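Biologist: Before we use any labels for this protein, I would like each one set against its cut-off. Can we go through them in turn?

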Amino acid sequence: MQFARKLFHMSGVFIPMLYLTTEVPRVHLAVALFAVGLSLAALDIARHRSEALQSLFKARIKLILDPKDLRGPNGSTLYFLGCGITVALFERDIACAGLFALILGDPAAALVGRSIRSPKRGNVSVAGSLGCFVVTCASTYPLLGALRSVWAGLLATVAEALAGSRYDNLVIPIAVAGPLSVL
């Protein structure tokens, strides 16, 4: 189940790839991401008010469901809102670096952290943090070059470790793109 959830998370790679390979205007992409995020937020509110809708939600997405999604906003809601804010606020390459950190670096942390035994502090493992760092560096290198991709990796690793699993989808892309925009 964890692997299916992370694979679904990584399927969002189409967002920065679309942005990088087409002439889609920033404002159009940001509006589309906000529209999806706000639609999911409305669904979150509705399902928290209706037990029948909550049961349907659990039944339909059980393969990728995280138990925390039942108590608050769905991780996908925060994912699309985080992506929308990042695209709206930062220039294309910087925004895409933040998106790659979320879409590829964050799931790498979970998959590597669960696969390789290493020292932990809370829910964060050394192996998982290293996985986040390496994948973020590798995925942002073509956009940022060597030095800035290392910064992106460090920022993503710190954000992933500090944000916790509830709000990481919202925090990671902004926490990476914000500082990178002034470097």
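Modeller: Contact here means heavy atoms within 4.5 Å. The model is predicted. By that contact rule, the buried residues of α1 pack against α5, α6 (92-115) and α7 (126-182).

Biologist: Which residues of helix α1 are called buried?

Modeller: R5, K6 and H9, in α1 (residues 2-10), are buried; the label requires under 20% relative accessible area.

Biologist: What puts them on the same side of α1?

Modeller: Their arc around the axis is only 95°, so they share one side of α1. In general, an α-helix has 3.6 residues a turn, so residues three or four places apart point the same way.

Biologist: What makes α3 and α5 roughly antiparallel?

Modeller: Helix α3 (residues 26-49) and helix α5 (residues 75-89) pack at an angle of about 155°, with axes 8 Å apart. Angles over 145 degrees count as roughly antiparallel, and therefore the label applies to α3 and α5. Their crossing is left-handed.

Biologist: Which residues of α3 and α5 meet?

Modeller: On the α3 side they include L29, F34 and L40; on the α5 side, F80, I85 and L89 are among them. The residues of this contact divide into 15 nonpolar, 4 polar and 2 charged.

Terms used: Residues are numbered from 1 along each chain as its sequence is written. This is a predicted model: local features need pLDDT of at least 70, side-chain atom pairs count only at pLDDT 80 or more; totals for chains, interfaces and linings use all residues. Side-chain values use heavy atoms; hydrogens and water are left out. Axes are lines fitted to C-alpha atoms, for helices over the stretch in contact, and angles run from 0 to 180 degrees between N-to-C directions. Helices (H or I, at least four residues) and strands (E, at least two) are DSSP runs, numbered from the N terminus. Angles under 35 degrees count as roughly parallel, over 145 as roughly antiparallel, 65 to 115 as roughly perpendicular and the rest as oblique. A crossing is left-handed if the near helix is turned anticlockwise from the far one by less than a right angle, and right-handed if clockwise. Ala, Val, Leu, Ile, Met, Phe, Trp, Tyr, Cys and Pro count as nonpolar, Asp, Glu, Lys and Arg as charged, and the others, Gly among them, as polar. Buried means under 20% relative accessible area, exposed over 50%, partly exposed in between (1.4 Å probe, protein chains only). The arc is that of the directions from the helix axis to the C-beta atoms.
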